[in-house]
Amino acid sequence: MSVRISLQRAVVSVDSGQIVNPDSLSNQLEGGFTQAASWTLKEQVTFGPDGVSSVDWATYPILRFQEVPEIETVLVNRPGMPYLGIGEGTHGPVPAAIGNAVFDAVGVRLRRIPFTPERVRTAMDAG
């Protein structure tokens with residue numbers, strides 16, 4: 001049984017007051033989503049008998065371009081309101097959203113990232 005999590009589609013929305021540059025804001029949201037999804041599903045330092053074994057991009061687990069889902073961004077523009085920006089606003093909600101999607105799909109809560117196939121399988125076997 002395969003337990004690998006794959007992302008097919010994501011919707012990211014933000015109300016950041018008055019929007020100055022919608023393209024930049026969308027890029028920030030999409031990049032932040034992709035980075036947080038990578039942390040959530042794959043990224044971790046790995047170790048072998050001689051120490052750290054994830055020493056370069058070929059050996060470090062990271063979300064690859066072909067694994068990035070279709071991302072729809074919804075921007076709520078409120079002219080006349082303060083310019084709030086977004087910063088790294090997607091980093092907290094993305095792991096929670098993926099965790100909730102896993103719970104909805106298979107009924108187990110994952111509380112430690114990354115959500116590797118081994119951790120998903122262990123949680124499913126325990127639950």
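## Pockets and a surface patch

Modeller: Val-45 sits in the loop between helix H1 (22-41) and strand E2 (47-48). This is a predicted model, where local features need pLDDT of at least 70, side-chain atom pairs count only at pLDDT 80 or more, and totals for chains, interfaces and linings use all residues. Residues are numbered from 1 along each chain as its sequence is written, and side-chain values use heavy atoms, without hydrogens and water.

Colleague: Why is Val-45 called partly exposed?

Modeller: Its relative accessible area is 44%. Buried means under 20% and exposed over 50%, with a 1.4 Å probe and protein chains only, so a value in between is called partly exposed.

Colleague: What makes Val-45, Phe-47, Val-52 and Val-55 a patch?

Modeller: Patches of this kind join nonpolar side chains (Val, Leu, Ile, Met, Phe, Trp, Tyr) within 5 Å, from residues with over 30% relative accessible area and no salt bridge. A salt bridge is a side-chain nitrogen of Lys or Arg within 4 Å of a carboxyl oxygen of Asp or Glu. Together the four have about 410 Å² of accessible area.

Colleague: How do you know which residues line the largest pocket?

Modeller: On a 1 Å grid over the protein atoms alone, a pocket is an open set of points where a 1.4 Å probe fits, with protein on both sides within 12 Å along at least five of seven lines; lining residues have an atom within 4 Å of a point. The largest pocket holds about 350 Å³ of space. Its lining has 19 residues, and Ile-5, Ser-6, Leu-7, Ala-101 and Val-102 are the closest to its centre.

Note on methods. Grid points are joined across faces, edges and corners, and a volume is the space filled by probe spheres set on the points. Patches are made of residues with over 30% relative accessible area and no salt bridge: like charges are joined within 9 Å, nonpolar side chains (Val, Leu, Ile, Met, Phe, Trp, Tyr) within 5 Å. Accessible areas come from the Shrake-Rupley method with a 1.4 Å probe; for residues, only the protein chains shown count as cover. Helices (H or I, at least four residues) and strands (E, at least two) are DSSP runs, numbered from the N terminus.
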